Amino acid sequence: MKKFVACLLMITLAFGIAGCNSSDIPEETTQISQESAAASMTADEWIDFIADKVPFDDTMTKVGAEQAKAVYGIYEEDGYTGDCALYISTMATPEEIAVFTADDALSLDDLYKKIEDRLSLQKESYADYAPQEVPKLESAVIKIVGDKIIVVVSADNALALEIIK
Amino acid sequence: MNKSSVLHSLCVAVLLVLSAAIALVLTDISHSTQIPAAAESLTELSVTETEAETTQQTTVPIPTVEIVYDEYETDIEQENFNKAVIIGNSQAQALSNYGLIKEADFITRIGLSVNKVLTASEGEPLINELYGTDYDKVILVFGENELGWPYPKNFISEYKKVINEIREILPDATIYCHAVFPVTKSHSEKDTIGVNNENVALFNELIKEMCEEEGYEFIMYSDAFSEDNGALPESVANDGVHFNYDYCKIWASELSKVLSEE
């Protein structure tokens, strides 16, 4: 019996030692906790986070959720009540940051289609009006994080993509 | 130490090594199942990862939007926009996007000019959006994109075609033609394609003349948009043309007052 108890203690000790030696755990735990924190961010927190880190050529203004829906062609009859937010430009450039949360009325796929329509119309408009702005639309970031879909059209879309990751 | 003790110690050592190995394997397995699960929440739908274009423009950090022009009226009487439609270019679209005028409807496009209202390269012409409506106020915001046209009178003849069509659809509506807003002094001076304040003044004379002849209402902007030199204040438009939220608010307020006078 004593021998059995001694062995159990050894095994417990060995697990403890093995755990302490695993130096990569804290880093991965941090990564996972960052991802779960990102998944719990509100639309408003997302657009502020991106606006703080990504450069824009235009003056950007945060507008309300109702305007976010109006600009992206989401109408009352769609029945959408998801959390959403938008930073919009003066129209001198197509720059914007938008975040929409899927709900029972509009799934991520539905929202993705709305975003595609919006970016397509913007490309068509700016191709004539300010063709130098079109590359910003062509490299626009569209990314899903949890139940949210994030759109960024900025002066540095590569950086936007990096910080969302 | 007898033979039995040595054997016992050896057994314990082997057990210790085995336990450590098992623990390490289990730890690795648990991590390799957690990370992709967490990563699944970061599904990438469609991202073109081309390098962002290098731009000659100065990158401006997002400024805090505050109403700093307290001397100008910014009250917007929404009820004055009842049954009103605003048709026009990117400046009108900014007014729409900022959500400053809730009561009016907007028919706007980036880069819209008068010669693109009645026709469409794809789909329906914009003018068709007026069919089946009962607007009694039509506010037209055109001219900025036409400033570079070689013959300004062509702008007026195209403008008249648009208004005639609107009158066919909405015979009882009052037509308001908005003046072309000035650009900033720096933009005007470096201009090479006609988007300068000399042309703004010329176009506004032509629009005003058309309104007087045809019985339309002409809406002139206030002094807020025109400094002593006739230019838009430098601080309100990054590109010298499209003014910021603060100025759109002043504009919306001015429009609501114009409509209340009718």
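Modeller: This is a predicted model. Chain A averages a pLDDT of 86, and 78% of its residues score at least 70.

Colleague: Where in chain A is the pLDDT below 50?

Modeller: Over residues 15-23. That stretch has 10 contacts in the model beyond near neighbours in sequence.

Colleague: How many helices and strands in chain A?

Modeller: There are 7 helices and 5 strands. From the N terminus the order is α-α-α-β-α-β-β-α-α-β-β-α. Of the 165 residues in chain A, 41% are buried. Among contacts in chain A with a separation of 6 or more, 59% are between residues 24 or more positions apart.

Colleague: Switching to Tyr126(A): buried or exposed?

Modeller: Tyr126(A) is buried, because 22 other C-beta atoms lie within 10 Å and the cut-off is 20 or more. Tyr126(A) sits in helix H5 of chain A, residues 108-129.

Colleague: And what is Tyr126(A) in contact with, leaving aside neighbours within four places in sequence?

Modeller: Pro94(A), Pro131(A), Glu133(A), Val134(A), Leu137(A) and, from chain B, Ile110(B). Ala92(A) is 34 residues from Tyr126(A) in sequence, with 9.6 Å between their C-alpha atoms.

Colleague: Which residues touch the most other members of the largest nonpolar core?

Modeller: Ile47(A), Val99(A), Val151(A), Val152(A), Ile86(B), Leu95(B) and Cys248(B), out of 98 residues in that core. Helix H6 of chain B, residues 245-260, gives the most to this core, with 8 residues.

Conventions. Residues are numbered from 1 along each chain as its sequence is written. Chains are lettered from A and ligands numbered from 1 in the order in which they are written. This is a predicted model: local features need pLDDT of at least 70, side-chain atom pairs count only at pLDDT 80 or more; totals for chains, interfaces and linings use all residues. A nonpolar core is a set of buried Ala, Val, Leu, Ile, Met, Phe, Trp, Tyr and Cys residues joined through C-beta atoms within 7 Å. A residue is buried if 20 or more other C-beta atoms lie within 10 Å of its own, exposed if 12 or fewer, and partly exposed in between; C-beta atoms are placed from the backbone. Helices (H or I, at least four residues) and strands (E, at least two) are DSSP runs, numbered from the N terminus. Two residues are in contact if their C-beta atoms, placed from the backbone, lie within 7 Å. pLDDT is the predictor's confidence in each residue, from 0 to 100.
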